Amino acid sequence: MNGPKIMFEIPIFGGIPVTETVTNTWIIMAFIVVLCIWLTHGMKKVPSGKQVIAEKIVGMLYNMVESTMGKGYISFAPYIGALFTLSMLGSLSSLLGMRPLTADLSTTLGWALMTFVMVQANNIRCNGVKGWLKGFVEPVPFLLPINIVGEIANPISMSFRHFGNIAAGMVITSLMYGALASLSAVLLQWIPNAFISSIPIFQLGIPAVLSIYFDLFTSFLQAYIICMLTMVFVSSAGSEEAARGE
Amino acid sequence: MEINLETLTVGAELEGYEGETYTEVREPADEPRFLDFVTIDVWTLIFTWGNLLILFLLMKKFLFKPVRKMMLDRENEVKEMYSDAEKSKNDADALKADYESRLSSAKQEAEEIVKNATRSATLKSEEIIADAQKNAAGIIARADKQIEAEKRNAENELKNEMSDLALSIASKVIEKEIDEDKHKELIDSFIEKMGEV
């Protein structure tokens, strides 16, 4: 199984490789932005049709951020929304035969590092540099290395969890396709016509059952998990009062 | 997996080698190049950050801001409508209370006026009746007096006439002048007696 294909190189800095992951991200981003513009086009005071959907989505997201992080962090909602949409559609893109963005460790690690930076920044903002550094030697100074490892482990576990789920789904799906193709070849070899016996008939329909779990369910679940963890980590790094005082 | 990658790398080197030694059989760009399956590519990482930030800003501009604004606007409008309704209800209540108090005071006033009017009318009518009675009594008294006077006049006249008549009759009978005064006295006493009868 290969990693993401390098689509082209930008000829600066000795060639910046642009992988399939990045181009797929652009396609998905374009789709999301067009969807957003379409949803909010021609909004009226009295909502109808697509505006109801847009308001439902936005309202749900704001509620989720408010109940998880508190009122002081309400400005995080658009970021969480962007992360959730990109993660979910990025994983679901495998249904259209695109390579999912989240089956690339660089993507999920990027998101996890973003969360890591936000956690540290929020900690410093709420507790000051001294308070932030002091947090590493609490409750006893002896725990300093463990605290540091704990902080660093967060982005690693977050990124590998997301990457692992989607990538494993991709691997299992392709293994399944391979296995089903061999099965068809074995079972259909009695047919004299070479063309008909080469049709991998078992590939039809059966992978869709697995796809419900590995594509639909996992995509949604992992997007939800990475957003939840981001919200919980960031909000628990600082007090809500300090965030509201901003 | 790692074995796979190694073979890929070795293959690529071999191709490059072949390309250099022999004629260029095919362009190197035709060969699709792949990253490792589990890899951290710094450029992809940077692109990921950039893409996420751009998507965040675009979604904020095109979805969250307008929808949020619309929802808050509507919320405020509903709140405003409720407070307006509350206010106008309070106003109406105050007006109603005002009108009711005014109405009751007006009623009281009207009753007062009617009572006063009735009382003054009663007084006046009593006065008028008393006046009228007094007047009537006066008139009756006057009339009585007049009647009395008339009666007396009539009596006197009658007396005079009778005495004159008697005198003339007597003078005619006796055809002779008699002492008028003496006779008159006589006749008067006679008439007096007649009157008593």
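This is a predicted model: local features need pLDDT of at least 70, side-chain atom pairs count only at pLDDT 80 or more; totals for chains, interfaces and linings use all residues.
Me: How many helices and strands does chain A have?
Reply: Chain A has eight helices and two strands.

Me: OK, what percentage of the residues in chain A is buried?
Reply: Of the 246 residues in chain A, 34% are buried.

Me: What share of the contacts in chain A comes from residues 24 or more positions apart?
Reply: That would be 65%, taken over the contacts with a separation of 6 or more.

Me: Switching to the other chain. How many residues of chain B are in contact with chain A?
Reply: 33 residues of chain B are in contact, and they meet 40 residues of chain A.

Me: Which elements of chain B each supply at least two residues of that side?
Reply: Strand S1 (33-34) and helix H2 (42-174) of chain B do.

Me: Which one gives the most?
Reply: H2(B) does, with 22 residues on the side of chain B that touches chain A.

Me: How do the residues on that side divide into nonpolar, polar and charged?
Reply: On the side of chain B that touches chain A, 23 are nonpolar, four are polar and six are charged.

Me: Back to the strands. How many bridges join S1 of chain A to S1(B)?
Reply: Two bridges join S1(B) to strand S1 (residues 5-10) of chain A, and the strands run antiparallel.

Me: What stands opposite Ile6(A)?
Reply: Arg33(B), in S1(B), stands opposite Ile6(A).

Notes: Residues are numbered from 1 along each chain as its sequence is written. Chains are lettered from A and ligands numbered from 1 in the order in which they are written. Helices (H or I, at least four residues) and strands (E, at least two) are DSSP runs, numbered from the N terminus. A residue is buried if 20 or more other C-beta atoms lie within 10 Å of its own, exposed if 12 or fewer, and partly exposed in between; C-beta atoms are placed from the backbone. Two residues are in contact if their C-beta atoms, placed from the backbone, lie within 7 Å. Ala, Val, Leu, Ile, Met, Phe, Trp, Tyr, Cys and Pro count as nonpolar, Asp, Glu, Lys and Arg as charged, and the others, Gly among them, as polar. Two strands pair if DSSP finds at least two bridges between them.
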